[in-house]
Amino acid sequence: MVVIALLTIDIHIPHAQSLKDKRMVLRRLKDRLRSKFNVSVSEVDHQDLWQRSQMSVVTVGSDNEYVRQTLALALEEVERSAPECVVQGNIEIV
């Protein structure tokens, strides 16, 4: 059985003064998540706004609890890596 898990993260970056500032923060987060958790990460909304972003993180596995735990740890990593940003996340099993 294949289990697909999706983490949607809403991020507010209060110190970003340009799209370049925002992209630097997001690139750092995406690189960290990809290397640490072996997940797919993409910005999916608010690409044209300086201080707001929505990212999706996806993982696939055979165990429901394992994929849920992986994404919960990924959300904790985002909160730890960017404490200056307001982060809200939602995990769904597809």
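**Exercise 1.** Is Glu77 buried or exposed, judged by relative accessibility?

*Solution.* The structure is a predicted model, in which local features need pLDDT of at least 70 and side-chain atom pairs count only at pLDDT 80 or more, while totals for chains, interfaces and linings use all residues. Residues are numbered from 1 along each chain as its sequence is written, and side-chain values use heavy atoms, with hydrogens and water left out.

Step 1. Buried means under 20% relative accessible area, exposed means over 50%, and partly exposed lies in between (1.4 Å probe, protein chains only).

Step 2. Glu77 has a relative accessibility of 4%, and therefore counts as buried.

**Exercise 2.** Determine which salt bridges Glu77 forms, and which parts of the chain they join.

*Solution.* Step 1. Glu77 lies in helix α2 (residues 64-81). Helices (H or I, at least four residues) and strands (E, at least two) are DSSP runs, numbered from the N terminus.

Step 1. Contact means heavy atoms within 4.5 Å. Leaving aside neighbours within four places in sequence, Glu77 is in contact with Arg32, Leu33, Lys36 and Phe37.

Step 2. A salt bridge requires a side-chain nitrogen of Lys or Arg within 4 Å of a carboxyl oxygen of Asp or Glu.

Step 3. A network of salt bridges links Arg32, Lys36, Glu77 and Arg80.

**Exercise 3.** Describe the sheet and the helix that packs on it.

*Solution.* Step 1. The sheet is open, and its 4 strands stand in the order β2-β3-β1-β4 with antiparallel pairing. Two strands pair if DSSP finds at least two bridges between them.

Step 1. The edge strands, each pairing on one side only, are β2 (40-45) and β4 (86-93). From one strand to the next, the twist averages 25 degrees.

Step 2. Strands β2 and β3 (residues 52-61) pair in the antiparallel sense over 5 bridges. Ser42 has Ser56 in β3 as its bridge partner.

Step 3. Helix α1 (residues 19-37) packs on the sheet and touches β1 (3-12), β2 and β3. The direction of α1 makes about 10 degrees with that of β3; axes are lines fitted to C-alpha atoms, for helices over the stretch in contact, and angles run from 0 to 180 degrees between N-to-C directions.

Step 4. A salt bridge also joins Lys22 and Glu43, with the closest N and O atoms 2.9 Å apart. Lys22 lies in helix α1 and Glu43 in strand β2, so the pair ties together parts that are 21 residues apart in sequence. Lys22 is buried, with a relative accessible area of 1%.
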